[in-house]
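Visitor: Could you walk me through this one? I am new to reading structures, so please spell out the terms.

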Amino acid sequence: MRRSRRFNPRVALAMAHDVAASGVAWAAAFWLRFNLELPSEFAAAMLQTLPLVVGVQALFFWRFGLYRGIWRYASLHDLRLIALTLTVAALAVPALLVLLRLTVLVPRSVFLLDPLLLLFVMGGSRMAYRAWKEGRLGGLARVQAAPVLILGAGDAADALIRELSAKRDWRTVGLLDDSDGKQGRQIHGVRVRGRLADVAKVAADLDVEHAIIAMPSVSHTLRRRAVRLATQAGLKVLTVPSFDDIVSGKVTVSQLRSVELDDLLGRDPVALDEKILSGFLSGKTILVTGAGGSIGSELCRQIARFKPARLILFELSEFALYQVEQEFRAGHPGLDIVCAVGDARNRPRVEQIMREYRPRVVFHAAAYKHVPLMEEVNAWEAVQNNVLGTYVLAAAAAQAGVEAFVMVSTDKAVNPVNVMGATKRLAEMVCQALQREIGTRYVMVRFGNVLGSAGSVIPKFRQQIADGGPITVTHPDITRFFMSIPEAAQLVLQAGAMGHGGEIFVLDMGEPVRIVDLARELIRLSGLREDDIEIVFTGLRPGEKLYEEVLADDERTLATPHAKLRIARARGVAPDWLPRLMEWLGSAGACPDDQVRAGLSRFVPEYSAVRDERPAQETAKARYG
C-alpha cells in the first residue's frame with residue numbers, strides 16, 4: 001500500500017504565497033495596463049476571470065514541481081523552472097478563456113504583463129529569502145565577523161565567497177589576483193583590490209589578519225609564492241581543499257584548513273591507469289606487510305578503492321595493526337580484512353598465512369628504514385629484517401603461487417653508503433635472484449622521502465617549533481627528494497601492475513629540496529618569523545649522505561609508458577649468489593657492526609661505507625643567515 005505524503009506546513013505556506021502572488025499579479029496587470037486608473041467594466045472583467053486564472057496557475061505550479069525545491073537553496077534552476085511554468089500558464093489561460101467562450105474584456109497586454117509580474121514576485125521572493133537566510137540582507141549583523149582576504153579570483157573564489165556569506169565567522173573584504181583582466185572587477189560584490197604582491201598593503205588598509213588561498217588547481221610554485229607573500233605580511237594563512245578533493249565531492253570549498261607543507265612541496269596529481277589497476281587488484285586477495293606503517297597503511301587505503309576480495313594486513317606492531325584495523329572497520333565496513341600479527345622473518349607464520357588465505361598479490365612494505373639507527377648497534381638486525389625477511393616472504397610467495405610480489409625499496413639503495421641502503425639493495429637482489437621465467441613476478445619500486453611519514457624530519461621540526469626551538473639540521477646544504485605518501489603509494493601500485501618481473505622501478509622524485517628550507521617554511525607556516533626560531537647545524541650523522549642520488553637520470557634508467565616511472569638499469573645476480581647469501585644470513589649469533597659492513601661489501605659491490613664528511617660549519621651550532 002502506497003504511503004500518503006505527510007502534510008508539510010512549509011510547502012503549504014509556499015503555495016499560499018504563490019497563489020496570493022498570482023491574484024495580485026493579475027490585478028496589477030490590469031491596473032498597469034490602464035495607467036493606474038482601471039475603468040469599471042475592466043475591473044469587473046478582472047474580478048470575473050480572477051478565480052479561473054489563479055486556479056489554472058496554481059494547478060501548473062503544483063504539476064511542474066515548484067514545491068519540491070527548498071527556498072533556502074533557491075538557485076538559477078528554480079528561476080528557470082518558474083519561468084517555464086509561467087510561460088505554459090500564460091498560454092493556457094487565454095486558450096481556456098476561448099474554449100469556455102467567456103465573453104469578458106481582457107486586454108491582450110494583460111496576458112503579457114501578468115507572467116512578467118508573477119516571475120518578478122515569485123523569483124524575487126525566493127532569492128530574497130535565500131539572501132536573508134545567508135545573512136546578506138543583515139550586513140550590520142556581520143560587522144563582527146573577521147575580515148578576510150581571498151588570494152585568487154577564479155572559480156574556487158566564487159564558490160568560497162558564496163559559501164562564506166552564509167557563515168557568521170568570516171567577512172570577505174577583498175580579492176587579490178595577478179590576472180590583468182580581473183583588476184577592479186567584482187565577484188558577488190567583492191572587489192579585486194590588486195595583485196598578490198599587494199597583499200601586505202591591502203591587508204594593512206583593510207585591517208585584515210587572515211588570508212585564504214583559493215587556488216586549488218594552480219601549480220605548487222604559484223601556491224608557494226602566495227603563501228610566502230601572505231605570511232611575510234604577517235597574516236594567518238588558510239587554504240581551500242585540494243582540487244581533486246573538491247571535484248570528487250569529498251569536501252566543499254569552504255572546508256578551510258591550515259596550509260601544510262604538502263601544499264607547498266607537493267607535485268602534480270598522479271595519472272593512474274585505472275583499467276590496469278582494476279584488473280590487477282579488483283576481486284583478488286591482497287597481502288600488505290608493514291600495514292601499520294606510513295606507506296603500508298596508505299597502500300591499503302589505495303587498494304581498498306579497487307574493491308579487492310580480501311585485504312590481509314600483516315604487521316609486527318600490535319598497536320599499529322590495531323590502529324589501522326579500527327580505521328578500516330569504520331571507513332570500509334564492506335571490505336573483508338584480515339589482521340595478522342607476524343614477523344616477515346618467521347617462516348612458519350608466513351607460510352601459514354600464504355596457505356590459509358592464498359593471496360594473489362603481495363606488497364612488501366615492512367622494513368627498518370631509519371639510517372642512523374641501523375648504522376650502529378642495530379646493523380645485523382637491519383640485515384635480518386630487511387634481507388632475510390624479504391627472502392622468507394618472497395620465497396613463500398613463489399611457493400604459494402602468488403601472481404605478483406611488489407617490494408617497496410628506497411633511493412638509498414642507489415650506490416649505498418649506509419647499512420640501511422645496502423640492506424635494501426640486497427633485498428632487491430634477492431628478488432632479482434628469485435625471478436623465474438614462469439611464476440611469481442617480482443617487482444621492486446624505489447623512491448625517496450615521503451612527507452609526514454613516521455621518522456621523517458617534518459614531525460620532528462614541528463615538535464621543535466612547538467618547544468620554542470632550536471630546530472636542528474645536520475648540514476646547511478643537505479638535500480632530499482620528497483613526495484607525498486598518497487603519491488608514493490599510487491605509483492607503487494602502478495609499478496606493480498606494469499611490471500613483467502625482475503624490474504626495479506624508480507619514481508620521478510622531481511627536484512631535491514634543501515632541508516633547511518623545509519625548516520624555514522615550517523617556521524613561517526607556524527605563524528612565526530624566521531628570527532623567532534633558531535636553526536642549529538649539528539653535522540652529518542653516521543651513514544648519512546649530503547645528497548641523494550638522482551633517481552630519474554636518463555643515462556641510468558629506461559622510460560616506461562608512465563611519465564613518473566622509469567626502470568633502473570640494475571646489475572644482474574650470479575647463479576651461485578643466493579645460496580652464498582643464505583649461508584651468511586643463517587650464521588649463528590649476531591654479527592658485530594664491522595663484520596656486517598664487511599659482509600655487505602662482499603654481496604653488494606656498489607656499497608661503500610665511506611661517508612660524505614664535508615663539515616656542516618666551522619662550529620656545530622651556527623645560526624642560519
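Visitor: Which exposed residues sit on the face of α6 turned away from its buried side?
Guide: That face carries Lys201, Ala204 and Asp205, where exposed means over 50% relative accessible area and buried under 20%, with a 1.4 Å probe and protein chains only. This is a predicted model, in which local features need pLDDT of at least 70 and side-chain atom pairs count only at pLDDT 80 or more, while totals for chains, interfaces and linings use all residues. Residues are numbered from 1 along each chain as its sequence is written, and side-chain values use heavy atoms, leaving out hydrogens and water.

Visitor: And which ones are buried in α6?
Guide: Within α6, which spans residues 199-206, Val199, Val202 and Ala203 are buried. They cover an arc of only 100° around the axis, which puts them on the same side of α6; the arc is taken from the directions from the helix axis to the C-beta atoms.

Visitor: What covers them?
Guide: The cover includes β1 (146-151), β2 (170-176), β4 (190-194) and α7 (220-232).

Visitor: New topic: where is Thr440, and is it buried or exposed?
Guide: Thr440 is in the loop between α16 (419-434) and β13 (441-446), and it is buried, with a relative accessible area of 6%. A polar atom of its side chain lies 2.6 Å from the backbone oxygen of Val402.

Visitor: What is the average pLDDT of the chain?
Guide: The average is 81, and 84% of the residues score at least 70, pLDDT being the predictor's confidence in each residue, from 0 to 100. Over residues 611-625, however, pLDDT stays under 50. Where pLDDT is low, the predicted coordinates should not be read in detail.

Key. Helices (H or I, at least four residues) and strands (E, at least two) are DSSP runs, numbered from the N terminus. Contact means heavy atoms within 4.5 Å. A polar contact is a pair of N or O atoms within 3.5 Å; within protein, one must be able to donate a hydrogen and the other to accept it, and residues adjacent in sequence count only if both atoms are side-chain atoms.
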